[in-house]
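These are my notebook entries on one protein chain. I set down what I looked up, entry by entry.

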Amino acid sequence: MEEKRKIRIDMLSHATSAPAQGVGSAYLEQTRLMQDFGKEDFEIDINKKTKSADIVHVHSINPDFYCKMGKKTLSVCYVHFLPETLAGSIKLPRPIFSLFCRYVLAFYRRAKEIVVVNPSFIDPLVRYGIEKDRIAYIPNFVDERTFHAITPEEKYALRQKYEIPQDKFVVLAVGQVQTRKGVLDFLKVAEENPDILFLWLGGFSFKAITDGYSELKKEMERKRENVRFLGIVDRDRMPEYYGLSDLFFLPSHNELFPMSLLEACSVGIPYLIRDLELYSPILPKESFKGKDVLSFSNTIRLLSTDREKYQEGVDLSRQVREKYSRQNVYRIWKSYYLGLLEKYRK
């Protein structure tokens, strides 16, 4: 019996070259997903740049990958950011930033197909000149084997390990330290709640070109009794910080589909996000949200004292975890890849 021919996909990415980026986490998760579930249907190469690949899936916008996406290549480009989301992330001289944004859009236009992680970014891409029938939405996800709920005993041990008081309500934020992520509001909320411990996991992945670098660095160095900036940690240690925390707080002003939010939901702790329209198509409408420092503070105090409300938050995280499970998302990717080959055969 003739052996079934596998579809060969070349995954191209340098997203892990800068530490602690959601783009890198998404790339690692998606590649591992295909290797775990798609063994019978797909052969996955990593940065091979071989001419024999059926599909070239580009995860980062490096110039060498731009050259790889030729006219005869069935290329898929993963979109994790747009020019408007870059504005609050990196600080460059205006002419250089403008040139970089033009390059980003040229990169996206060169790909045969586009995948977005949030459906709200389809219309902006269309306005940038990319045909809608070339754009597909496939959500992010995380591996529940790595990010999972822990027992009260394990939580107690983790707090001992990291010298976290057992009686403190702990609020965790995860992300690069940059203006877009809402670091300043995070600090103001902490000042309003001196009895609650606030942790920020992440640092300056882009160093001095990070937007707001000087101001944020100064704020981070200020001594605050109830705030700890933990810096960039290895990904295999991140589940421990989620596990020892009581609430995940994401005050970011702009996102696509944050991996950190999915990680928190997978661990099973409630989440509090900024009230942004981009969350509407991807999260339950009952999600705990805030618009400013006052509303963030009020919600955090409510969740730290009201067990019923806290359980509502746990239930919402469970809904998100189940919706974006690895099994569900793999089925979407498999259908997508098979559909692409059929589309371009025609």
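Over the ring of which residue does the charged end of Arg110 sit? I found that the charged end of Arg110 sits over the ring of Tyr66, 4.5 Å from the ring centre. I applied this rule: NZ of Lys or CZ of Arg must be within 6 Å of the ring centre and within 35 degrees of the ring normal.

Basis of the entries. I note that the model is predicted, that local features need pLDDT of at least 70 and side-chain atom pairs pLDDT 80 or more, while totals for chains, interfaces and linings use all residues. Residues are numbered from 1 along each chain as its sequence is written, and side-chain values use heavy atoms, with hydrogens and water left out.

Entry on charges and rings, continued. I also looked up Arg307, which lies over the face of Tyr310 at 4.8 Å from the ring centre.

Entry on Cys67. I located Cys67 in helix α2, residues 63–68. Helices (H or I, at least four residues) and strands (E, at least two) are DSSP runs, numbered from the N terminus. Cys67 has a relative accessible area of 59%, so I recorded it as exposed. The classes are buried under 20%, exposed over 50% and partly exposed in between, with a 1.4 Å probe and protein chains only. The C-alpha atoms of Cys67 and Arg110 are 9.5 Å apart, although 43 residues separate the two along the chain.

Entry on disulfides. How many disulfides does the structure hold? I recorded 0 disulfides, a disulfide being a pair of cysteine sulfur atoms within 2.5 Å. Cys101 is in no disulfide, and its nearest cysteine sulfur, that of Cys77, is 15 Å away. Cys101 counts as buried because its relative accessibility is 10%. Cys265 is buried too, at 0%.

Entry on aromatic rings. I recorded 20 aromatic pairs. Rings of Phe, Tyr and Trp (its six-membered ring) pair if their centres lie within 6.5 Å; planes under 30 degrees apart are stacked, over 60 edge-to-face and the rest tilted. Why is the pair of Phe147 and Tyr242 edge-to-face? Their ring planes stand at 80°, with the centres 5.8 Å apart, so the pair falls in that class. Phe147 lies in the loop between β6 (135–137) and α6 (152–161), and Tyr242 in helix α9 (residues 238–244), so that the pair links parts of the chain 95 residues apart. Phe147 is buried at 0% relative accessibility, and Tyr242 is buried at 0% as well. Tyr336 and Tyr337 form a tilted pair, 6.0 Å centre to centre with 50° between the planes. Tyr336 is buried at 12%, and Tyr337 is buried at 0%. One aromatic cluster is formed by Phe186, Phe198, Trp200, Phe229, Phe249 and Phe296.

Entry on the sheet. In what order do the 6 strands of the open sheet run? I read the order as β9-β8-β7-β10-β11-β12, with parallel pairing. Two strands pair if DSSP finds at least two bridges between them. β9 (227–231) and β12 (288–290) stand at the edges because each has a single partner strand. β7 and β8 (residues 197–201) pair over 5 bridges in the parallel sense. The bridge partner of Val171 in β8 is Phe198.

Entry on Gln178. Is Gln178 buried or exposed? I found Gln178 buried, at 1% relative accessibility. Gln178 is in the loop between β7 (170–174) and α7 (183–192).
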